[in-house]
Amino acid sequence: MNISHHFDDATLMAYSAGTLPQGMALLVACHLHWCPHCRQRTEHTNAIGGVLLDNLAPSALSEDALNAVLSRLDEPGQEFAAAEPQGTRQQDDDLPAPLTGLLEQPLDQLPWRRIGYGVRQLDLELGGPGATRLLRISPGVSVPHHTHGGNELTLILRGSYNDELGRFCRGDVADLDGDVEHQPLVDTDEDCICLIATDAPLKFSGLMGRLVQPFIGL
Amino acid sequence: MQEYEAEGGDVNAAAVTPHTMTSEERRKQVRDEWSACLTRLAETHDKSEFARLFGYFAPRVKSYILRLGMPDATAEEVTQEAMLLVWRKAHLFNRTKASASTWIFTLARNQSIDRMRRDKMPMYELPEEEPDPDHRDMGEHSVIEDRMKAAIATLPENQAQVLHLSYYEGKSHSEIAEQLGIPLGSVKSRLRLAFSKLKAHWGEDA
C-alpha cells in the first residue's frame, strides 16, 4: 500500500494521551494497522506518556494492594494471554483489523442506506460527541462543500477521491479541522468507501449544502 | 508474600552505581533495568519480578489515574486491573518499541478509558507475528526517552502546559482550548511545536 497522507502530529498526540472520541480512536487504530510510518510516530507520542508517568510522584496504595493482585495472578483467565483475536470474523484483506471486529459482513454485503444521489452510508453507532460512519460514494459523485465544527478524520478503505487538498487513495487519511472547506470528488470508476469520524457535526455551506444537511445528517 | 514487598529502588540496588554517573546516565540505567525486569517477567513468569514492577509502577499508575479525575477507591481498583494486565500481557512487551514506562502507561491509559467510558477504546496492538519491515531499529527506547525527558523540561511554559493537560489530565484539545480561553488551532499548534522540539532530541527525524 502506498500511503501518502498521514495524521497531524496533534492527532497522534491526542490518540496517545487517550483523549480522542471512540470513533476517532478507532480510525487512528485502523490507519496504524496499515501505516508503518505512523506506527513509528505513535511510538514517540506514546513515549511522552511514559516519560510523564516516570515523572509523577508515587501515590500510596492500600496496604494489601500487592497481595490482592498477587492472589489473582493464578486465577483462570489471568494466564499469559495469547495475542488477542482481531475480531470475530475471519481476516478480511479489504479491511484493517480493528474495523473487521466491528463489522458483521464484508464491505459489499453491509446494509448500506442510500442518503442521496450516489451516496450511501452506514452509521457505526459508536456514540460519543461526534459520529462514526462508513460512506460509499459512486464514481463521479461529489459530496457537497462542507466545513467542520470540530475535527474530521477520513480513512480511505477502497477507491479514491480528489479534493482541494489532493488525491486520497486506499490507506490515506484526511485530517481536517474547522478551518478547512472541501468538496471531495470520486475520480475513478470504482466506488470510494471511507471511514469517517468526527467530534462535532459537519456544517455544509452553500444552498445545496444547506438543503442536503438535514437529509444526510452528516 | 512479604518477600514480594519490594521497594521501587530494589532493582537498582543490585546494579553498580558509581557516584560519578551523571543524572542522565543514572536515569537511563534505571529505565533499562525496568525494561529488563519486564522482559524477564515475560520469559520466566516469575512473581517476584512482577512484585518489583508493581512496587515501582503501581504507585505511579495510581497517581496518573487520580490526575484523570477518578476518586481514590476507583483509582486503586483501576491501578490493580492495569497491573494485572502487565502480568497477562508481558509477553507482548517489545523493548525496541517502548520502554517499560511507556508500555505500562499505554495499558493504564486504556484501562482508564475503559472504566470511564464503560466501553472499549480499540487498543492498537501490532500482532506479535506481524512483521514490521519498515521499522527502523532505533535501539533501546530508553535512550530516546531520556533525551526526551530532558527536552520536556526545556519546553516553554505554554507548550508544557498543553502537553500536561492532554496527557496528565486527559483533556481533549477542545476542552483545553476552552479552559485556556484560546482557539483550538492554538492548542494544536502548541502541541505540534512541543512535539517537533521533542523529536529534535531523538537525534533523527521520526
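Biologist: How much of chain A counts as buried?

Modeller: This is a predicted model, in which local features need pLDDT of at least 70 and side-chain atom pairs count only at pLDDT 80 or more, while totals for chains, interfaces and linings use all residues. Residues are numbered from 1 along each chain as its sequence is written, and chains are lettered from A in the order in which they are written. A residue is buried if 20 or more other C-beta atoms, placed from the backbone, lie within 10 Å of its own. Of the 218 residues in chain A, the share that counts as buried is 45%.

Biologist: Which residues have the most contacts inside the largest nonpolar core?

Modeller: A nonpolar core is a set of buried Ala, Val, Leu, Ile, Met, Phe, Trp, Tyr and Cys residues joined through C-beta atoms within 7 Å. The largest one has 91 residues, and those with the most contacts inside it are Leu195(A) and Ile104(B).

Biologist: Why does this core lie between domain 1 and domain 2 of chain B?

Modeller: The domain bounds, which come from an automatic or database domain assignment, are 2–117 for domain 1 and 155–200 for domain 2. The core lies between them because residues are given to it by both domains.

Biologist: How many residues of chain A are in contact with chain B?

Modeller: Two residues are in contact if their C-beta atoms, placed from the backbone, lie within 7 Å. On that basis, 71 residues of chain B meet residues of chain A, which number 51.

Key:
Buried ≥ 20, exposed ≤ 12 C-beta atoms within 10 Å, placed from the backbone.
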